[in-house]
Each structure stands twice: as C-alpha cells, then as structure tokens.
Amino acid sequence: MSEQLALLPGYLTAHLQLTLLALLCSAALSLPLGIAVTRVRWLEQPVLGLAGVIQTVPSLALLAVMVPLLASMRLRSIGFLPAFIGLTLYAVLPILRNTVTGIAGVDPALREAARGVGMTSRQQLWRVELPLALPVIVAGLRTATVWTVGLATLSTPVGATSLGNYIFSGLQTRNHAAVLVGCVASAGLAMVLDGLVRTAEVGLLTRRRRLVGAAATLTVGLYLYAAVTLAAPLFSNAARPVMIGAKGFTEQYILASVLEQWIGRETGRAAAQMQSLGSTVAFDALAAGDIDIYVDYSGTLWAHLLGRATVGGDRATVLAEVGTFLADQHDIQIVATLGFENAYAVAARAADAETMGLTRISDLIPLGPTLSMGGDFEFFSRPEWVSIRDAYGLALSEQRTMDAALMYEAIAEGAVDLISAYTTDGRISAYDLRVLEDDRGAIPPYDAVVLVSGRLMREWPDVVAALRRLDGAIDLESMRAMNLRVDVEGIDPSTVAAAFIATLGP
Amino acid sequence: MIELQHLTKRYGDQVAVHDLSLEVAEGELLVLLGGSGCGKTTTLKMINRLIEPSAGTVRVDGDDVSRLATHELRRRVGYAFQQVGLFPHMTVGENIGITPVLLGWTDDAIRHRVDELLALVELDPETTRDRDPSQLSGGQQQRVGVARALAARPRVMLLDEPFGALDPLTRGRLQDSFIRIRRDLGVTAVFVTHDMVEALRLGDRIAVLHNGRLVQVGTPGALMRQPADDYVRQLLDTPRREARLVDSLLSDMAGRDSG
C-alpha cells in the first residue's frame, strides 16, 4: 500500500493537469459557442447535433482515436496531447447544452423588460441573460467537471499519466490496493473540484463576495500549480530520462521495470516508464519517438506489421525478417532477444485434458462444437486466431472476448472450456491448466525482443550496449516465475524486477 | 409629445393595427382603450420599438424613432410592463436604478434618485431599497415598476396595463398615487387599459381601438356625450351596466332575506 501511495503525488498532479486544462479549454470553447447559438438560431441544430455525436463515441475509443489522428497530422500522438484533446471534446456537450438551455430559458417578459429599460444586445446578455442562466450553466460545468475527472483515468492507454495508471495496472496485476487508491483518489478529486464550482455558484447567487473570492483563489491556485508543474520539465536542465514503454499486462510491467533498473545500474541514467499503453499505441509511440524502448514479441510484429500468414515460420526466420523490416521501414532496431517466447497458446483445464485425452490442438477438432473459448480483447481478431482456425478447421460453440486478467477465472469456474493463454503466464500452473501442443505449426514464434528507436541508437550508445547485454538473459522459467509472483502472490512488479536484476551478477 | 402617423402592423395576413394616426400633446395622458386583441399593446410597443411597425411613422418630441438607436430611444422613454418584469437577480434599488446605470450616471446620483423615487411611489427607501423583488407584494412590485420607468426622468412614459393584475383596492390606491405623481411631474404618457373606470379616472383623452382600428378619440366627456358607434356606447356604458347589475342583485337579496 505504501509503495502505491508513494506514486500518488505524481499521478494526482498529472491527473489534475489533464482535467483542469481540458475543462478550461472546453469552457472557453463551449460558452461563446453556446451564446452564439442563442443569437443565431439556425446554428443550434448543427452545433448541438455535432456535440451530441461526439458524446456518443465511447469515451475510451474517443481518446484512442486521437492517436492515429494526431500522428497523421505529425503532432505528438502519445501522452498528454491526445488525452487532453479527447477530454476537451467530451466536456463540450454538457457545458454547451446547458448554456443554450439556460439562456433560452430566461423568461421572455424579462428579456422584453431588459430591452424596454434601454439595454443594448450585449448589455442584455451580460446583465440579464447570463446572470439568470447562471444556475443552469453552472450545473453543466459541474457535470463536465465530474465527467472529466472520471474520464481522465482512461488516458493511461494513450500514454498520459493519470490516476488511471493505478487502475489499469492494478487490474492486470491483481493489485486491489492500487485499484482502490486510484478509484478513491479520482472520486475525491471529482468531489473537491465539484465542490469548488458549487461554492463559487452559491457565492454568486447569494452575493457573498468572500465565498466567491475563496473559490476563485483556490481555483486560480490549482491552475497555477498545474501550469507550473506542466511547464517545469521544459525549463529543467536535468537530462531527459530514457522513456520505456509498457503495454497493459503483467509481464510488460515487470520487463519495463527490469529495463529501467538495468539501465540505471549499468549506465547511471535516469529512466522512466509510460505504462499500460495499448498494443499498437506502444509501437506507434516508439516509431514517433515518444518512447525510446519497449519489449514486443516477434510473432506479434510479424503478424500485425508484416501481415504474414503465420504457418511455417521458424524462430530465426521470423526474427530476421522482422528485424529487417523494422530497421528499413521505421528506423527501429532489435538490440536484444531476451531468451524466452511468450506465445499465444490454447489451454484447457488439466482435468478435462485428462478425461478427454487432450494433448494437441488437433484433438479438439471432433469436440469443437461442444466447447466454448475465451480470448483476450485482441485474440479473436488477430491473424493468429485465423491461422489456428483455418489450420485445424476448428468450429467452436462460442467465442467470448474478455479481459485477460479474467480469462483464468473464467476457465477455472467453467464459464469457458478453453482460453487463449500466454506461454509465460504463471497462472497456467497456478490454475492447473494444460497448454495444448500446436501440432500443425499454426502459431508463429513469439520471441521477446527489446526494440529501441533510431534516436536512442545514435544518442545513447551506452544504453544500447547495456541493453545488448540482456540478450538471452531471461529464460521461459524465470519469466513464468516472475509473472507468477506478481499475478498470484501479489508482489509489486518493480520488487520482482529488482530481485531478478540482483541475480544477474556484476 | 408623441405623434403616430398611419401606423400599421401586420403579422402575415393578420392586421394587428391598421393605419392609426394619433397625437399626444405635451404633458397629456392618453388612454388606449379596448378589448383583448384590439391592438392597443401593439400600438404602445411600436412607440418605443419593442415592436417594429410594418408601415407609418412614430415621432417622440419631434424625432422620428426609426432613426434613433433603439436602446437610446428606450432610455428616453419610461416603460411600465403589464407583468412588471423586475429583474429577480437585482435588488429593488438596482432595478430602479438600471436605466441611470446604463446612461452612466454617478453612483451618488443614482443612489439619491432611487431613494427619491421610492419615496415618490410611497415605499420606504430604508426598508425597501436592498430587498429582492420577490419579497414585495404585487402592489409594491408594480410601484417599483413605475419608479423604474421614471428613473431617468423621461419626458415620455408608456404604461401597459400596469395595474391590471392587482386586486381592486390595491389598484385604486395605485391609481391615486399615479394621478398625484403625474400631476407633480407633468410627463407625457400613453396608458393602455381595458378597464373603463381606470380610463375615465386617468385619461385626459381616451382613444378607443377595435379590431386594430381607431374608432374614436376624445375627452371622457366628449365620448360620453357623443359615442361614435354602438361599440363605443356599449364600452362606455359598462360601468353603469355593472352598477345596475349590482343594484338589482342587492335588491333581490334584500327581498329574499325579508321574505
């Protein structure tokens, strides 16, 4: 718990930066737009319609779609910017709609009175319409505030640090304390910011200047804090840390920590992690130079990037082709092959395998229509599945997509009969599962490889040299044991990584 | 003074006001009298351009109002609304002082004027100034409405059934106050009402409107003596008809009680 709390200041600050800036920009966009809509009536339908359409995009997808969108405009596509833009867009609708509703809801008799006493159109707005619409507008602002604080937890997969880091990594590594800290901190922040807006509103409505002043001072203070902390790295003389990416599952958290600690020990350079990235986000981030290093798997790159049909590739061929492709097309180098494979595999309960005599995937062919299978978010849409299905002519009764962390529970409880397991996963033995042999070679090899950007190759040769020394350093048994310690024993990934580094000798 | 020349307002095919010409002399109070939908409020609102005429001209103190900026015109013309229309987010004092604020008077001048007006409409400045409009009774709110219309010392005032929603006793008291205020200030005024007694009490002259047309205009006495048509005669006869109705009801009741 205490190691989780140590991360809180950093995560909370990043979360605050995202939330406050997104809200500010959203309000700066929506309030004038809302006012304009009440002045030019034909704008109302198209503008509110567009804002409504944005709202119907699932929030996680809205954030994720910013990555390729920004990349296509040659902007920083990973980290703060995509999350910030996504959150800003998401907060537009509540503020915009309430501004329009609030102003339109002003009693026509008062509007006429405002004209009658000699107000110009601008004076009507500022002296009558906005003050009277204030409660409704503030209600929209409060909705937007609470939403944005909550949604900002979803910025973790696009590479922006937030309280979501607790939640994403905690769910994957079964660290419930981390999930709890993330949720409580996020809910607390939402309540504090909402209370601040509410206090300002009450002060305005009851004309208590001191209340308005206090709320305004606190708000300005928070914004100053966010601005200063956001700008600080730009003016700092400290060397930029080596940025290590990690996808959102246990093995990746452990490996990122191993790399971070190894670089620190071998070169004395500071390294930092960008965690829980989406699978393709991690690669895009490396290609764009937003991260310098991450670990991927040869078969994944082969199938996804090279679009290869997977049957028949042996380890060396796949590795060589992937390496050439990455160097030629993306200026990315493979500097080390860690020494283990984390392959997709089809796993069944050991008891079932015993009674039904299952040892190979081809044993499933006659049983297919009676079996159901669970796969992680990607599995059933990956080329590997197509390859397995076609090579064995498998027809299953049901395919269910679920969170990878839940698949093991699902098969243990009997909710599914098969799962798409990972060969390094400690939970295969922990949950008493059996991996079925890929006797027709449908699944490609998945050597874990350390990928680095061309820039790192040129600028930090000492880091590259250190990484090269990790070649062959982690075998399948070590990796499986490390995964098991995190997933089943609940030990922190960085602790597991430190224990491993200690075994590597001087 | 106010001059209306061939004033017309059309909404599509509907004619709300048809070719209306009238003059209101300096210091005079003209009542626009007629039933619902006769065009009296439309006519009133065309004077300060809350409604734009379809045709015709309006002059206030000789100026063609269509050539003035609307907000400047309205700051020169006091307007008391049927629904009062006090701003709920402002105090009574701020409501009364709004037009002077828009005109850029000094704070001192405004404060002084607000207290003066509150006294004029028979409200206690000390206890009323800083209250919210919602804390006042209907009659008090309408007094504030009249004070607000008078705030910038307009030479012309427009009143749209200002006492229409009040109970008869309160209405009577406000009419008394208004008669005194107008005698003191000598403003030129147009007063819309459908209440015959109110028209007779307040009006120097009465203009009777029917279906958007001006039927007759003249002093109360002239209208009584020589009504232009049956409509005017019936309208003017309303109070007496009601009085006779009351008398007969009373004698019926007396008969029943004694019988």
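Student: Which domains does the assignment give for chain A?

Tutor: Domain bounds come from an automatic or database domain assignment, and here the assignment gives domain 1 (2-233), domain 2 (242-341 + 451-503) and domain 3 (344-435). Residues are numbered from 1 along each chain as its sequence is written, and chains are lettered from A in the order in which they are written. In this predicted model local features need pLDDT of at least 70 and side-chain atom pairs count only at pLDDT 80 or more, while totals for chains, interfaces and linings use all residues, and side-chain values use heavy atoms, with hydrogens and water left out.

Student: How many residues of domain 2 of chain A are in contact with domain 3 of chain A?

Tutor: Contact means heavy atoms within 4.5 Å, and 17 residues of domain 2 of chain A touch 11 residues of domain 3 of chain A in this sense.

Student: What area is buried between domain 2 of chain A and domain 3 of chain A?

Tutor: The size of an interface is often given as the accessible area lost when the parts come together. Between these two domains the buried area (accessible area, 1.4 Å probe, lost by two parts on being put together, summed over both) is about 1,100 Å², of which carbon and sulfur atoms give 54%.

Student: Which residue forms a salt bridge with Asp487(A)?

Tutor: A salt bridge is a side-chain nitrogen of Lys or Arg within 4 Å of a carboxyl oxygen of Asp or Glu, and the partner is Arg427(A), with the closest N and O atoms 3.4 Å apart. The rule finds 1 salt bridge across this interface of domain 2 and domain 3 of chain A.
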